[in-house]
Amino acid sequence: MITCSKCVLPGSFPGIQFDEEGVCNYCRNIPIPDSSEKQAHREKFETLLRSKRSMGSFDVLLAYSGGKDSTYTLYLLAKQYNLKVLALVFDNGFISGQAMVNIRHMTDSLGAACMVFRPPFDLMKKVFGLAAGHDIYSPKTLDRASSICTTCIGMVKAMVLKTALSYHIPLVAFGWSPGQAPISSAIMQTNPRLQKFSHRSVRDPLIGLAGDELKPYFLSDADLAVDQSHWPVNIHPLAFMDYDEDAIVEKISSLGWVKPKDTDPNSTNCLLNALANHLHRKRFNFHPYAWEIAGIVRSGSMDRSQGIVKVNEEEDRDMVNYAAGLLGIDPGF
Ligand SMILES: [Zn+2]
């Protein structure tokens, strides 16, 4: 199959077109932030911190998975910017044992409070099983993540916002890599109107299928009625910081983070990821991380050859079977 000569997107990627040089339309059309744009965002972020710091609660609520990107984001927020961090861990039932050790160690050593939120496993099993076997989301949503990841991240985002609203925390942070989220959305004021709109993409279809028992995991009408002045600013600092995967792993390893050995190559925390990737590739014929990896390659933070290996590597059968067994579904090899 043809692959873009600049990034890693394959000919099977939705909406892709190649020019005579074999370069895809996404490489042609998506601007890559230069150092001055990153600097401008860093300054905007620092200005924001001056007005949001030390308001009596935690300064920032971080969606923390224990993986490399959110661990590095934790380090930046707690040490480089000296913020009071509350790390919220969403335990989806598939967090690697080593990732849990990392979560405890890194939050302790970086001086962050940690809250682990774990829905009952039977509920997660039901939700992931539905996400694996049904067309819940719009095809556009699934260009950038698997149905299972979209489900989990949707719940994480909702719990992060609910918690920030109830604790009056002025900032919420995510460790999105520069390939996962563009710099244009790196500093965004949240608000009820946008939130209601975003409910249509994940919350509403998911509750429609799984039922009302999922409602407590998403924003309620009472949450949406919270005064605008209490809604946090959403940040993802890796978009405007220097991002180099090897350098990030080296930095956090020096602080005691240990790379899990039981996860697939595209995750440093989740044991469900291999199954999620496998099902997505079987259905759509492209890797659910292709979009993210293409973005990182385009930004110059990863060699194209390294990215090509990542998007073409077959999932480990044992990992796929392990997760499928826990969910009680057929991986369909
Ligand atoms: Zn491309």
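The model is predicted, and local features were taken at pLDDT of at least 70, side-chain atom pairs only at pLDDT 80 or more, and totals for chains, interfaces and linings over all residues. Residues are numbered from 1 along each chain as its sequence is written. Helices are DSSP runs (H or I, at least four residues) numbered from the N terminus.

The axes of H5 (residues 121-133) and H6 (residues 147-167) lie 8 Å apart at an angle of about 140 degrees. Axes are lines fitted to C-alpha atoms over the stretch in contact, and angles run from 0 to 180 degrees between N-to-C directions. H5 and H6 are therefore oblique to each other, a class left over once angles under 35 degrees (roughly parallel), over 145 (roughly antiparallel) and 65 to 115 (roughly perpendicular) are assigned. On the H5 side, Val127, Phe128, Ala131 and Ala132 meet Ser147, Ile148 and Thr151 of H6, where contact requires C-beta atoms, placed from the backbone, within 7 Å.

In H14 (residues 317-327), the buried residues are Met319, Val320, Ala323, Ala324 and Leu327. They span an arc of only 125 degrees around the axis, which places them on the same side of H14; the arc is that of the directions from the helix axis to the C-beta atoms. The face turned away from the buried side carries the exposed residues Arg317, Asp318 and Gly325. Buried denotes 20 or more other C-beta atoms within 10 Å of a residue's own, and exposed 12 or fewer, with C-beta atoms placed from the backbone. The cover over the buried residues of H14 includes H5 and helix H11 (273-284).

Notes:
Helix = DSSP H or I, 4+ residues; strand = E, 2+ residues; numbered from the N terminus. Contact = placed C-beta atoms within 7 Å.
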